[in-house]
Every structure is written in structure tokens, then in C-alpha cells.
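Please look at the sequence and the structure together before reading on. The paragraphs after them are meant as a guided walk for someone new to this chain.

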Amino acid sequence: MTDAFWDERYRTAELIWSETPNQFLVSETADLTPGRALDVACGEGHNAIWLAEQGWTASGTDFSAVGLEKARALAGQRGVVVGFELHDSTTWAPPARSFDLVCVFYLQLPEPERSAALVNAMAGVAVGGTVLIVAHDVDNLAHGVGGPQSADVLYSVDEVADLVRSSGFDLVKAHQVFREVRTPSGETARAIDTLVRAVRRKEA
Ligand SMILES: C[S@@+](CC[C@H](N)C(=O)[O-])C[C@H]1O[C@@H](n2cnc3c(N)ncnc32)[C@H](O)[C@@H]1O
């Protein structure tokens, strides 16, 4: 999906994602000391804004200029400073080893763009810093609900864990997690996500 596709999706007065932070961002950062954080593919900015509210020096990148305009407006309304920058995550890497936390939430890309984007994002994590990747899991097609219905943009825990490990990280968590969601008919159902959290190893 192109930046023009996402610009079009974001061109609504309302937020298309929630204003509240992702539940796994909240749980996985509870034991971290706030420092410098980057949210890659931040969309309308809810996660980066929440991090700023928790005392992180937060920034976010996305390739949708319209999404970022909404993110800046939301940060203004909430009275926090977040540096939002326009970047294509498949070709842009943050300054090397400069963030204590880099998050990537629900970045839906096929290979090889997905691995390129994750490797670029991980390059920004400082030694001892954390990378947190959460995305729609491929098992969602058979056993979950929601998210893209095309297997090529869905994640698997093993693939992400291998990429993260081979990029110089020690895994802290690598497993599926479940979210309760409402179906259009009003029933409660379960969405399946891949969650990988890891810490950059000291370089030899
Ligand atoms: C499903 S939304 C998730 C947004 C946000 N991470 C969240 O969880 O609310 C996917 C986001 O990825 C962004 N995106 C997709 N491909 C991208 C790329 N190559 N570079 C930067 N952003 C990209 C889209 O613009 C969109 O904001």
C-alpha cells in the first residue's frame, strides 16, 4: 500500500485508530525507564503521544503526510511535544544507536520491504535499548479476526524473532498475544498479534 493510499485513508475528520495507546505498548513499557523513544510508522501518533505523556522524549515517523498532520494536531491538543517526521521506513533509518526504545506497531508490508523496514528501525536502538514489534499475526487468517486478509503482509513470531536475533538483539519476549475486539455484529472476538520485544546486545 502506497503513501497515497494511507493519505486517503487518513483524510477524515475523525481518528481512524484509537486515541488511546496500544495495550501492549502500555504493558511492555511499564518496567522501562523513560528515555528517547521512536515510533516507526506512527500513523496518527497515539502511541508516541502517550510515550511523551509518560516522560519519554518521543518522536514518530510515517510516510503519510496526512497521518502526521493529524498526529501533530493531537499532540498539540494533548499539550505534549513529539517530533513527527515524514520518512519511508523501507529506505530511511534513524540515527544509529540513538534511541532507548524503538517501536513498530502494525506496519503492514510484504517482503522484502518488511524486513528492510524492521532492520532500519532496529538500527536506531542504542546498546541496552529495547525494540518492540507488534503486528497482525498470520494465524489471524484461520483463528482470529480483523487485520489484513492477505498472508503476505501478516507476521509470524518465528520470522520476526529470527530477524531481531540476527540483528544483534537478545529476545525478551517472542510470542503471540491476543486482543479482544468487537465484530461488526457486536460480538466479542479475538485478534491474534505477533509480539517481539528484545534488547540490543553489547557489541563485541
Ligand atoms: C495499520 S497503520 C498503524 C499505525 C500505527 N502504528 C498504529 O498502530 O496506530 C500502518 C501505518 O504504516 C504506515 N506505513 C506503511 N508503509 C510505510 C512505509 N513504507 N514507511 C512509513 N510508514 C509506512 C502507514 O502510513 C500507516 O500509518
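The model is a predicted one, in which local features need pLDDT of at least 70 and side-chain atom pairs count only at pLDDT 80 or more, while totals for chains, interfaces and linings use all residues. Residues are numbered from 1 along each chain as its sequence is written.

The protein chain holds 7 helices and 7 strands, where helices (H or I, at least four residues) and strands (E, at least two) are DSSP runs numbered from the N terminus. Of its 204 residues, 38% are buried, a term that requires 20 or more other C-beta atoms within 10 Å of the residue's own, with C-beta atoms placed from the backbone.

With strand 5 (residues 125–136), strand 4 pairs in the parallel sense over 6 bridges, and Phe105 has Val134 as its bridge partner in strand 5.

Phe105 also belongs to the surroundings of the ligand, where 19 residues are found, the closest being Trp6, Ala41, Gly43, Phe63 and Phe105; a residue is counted as near if its C-beta atom, placed from the backbone, lies within 6 Å.

Note on methods: Pairing = 2+ DSSP bridges. Buried ≥ 20, exposed ≤ 12 C-beta atoms within 10 Å, placed from the backbone.
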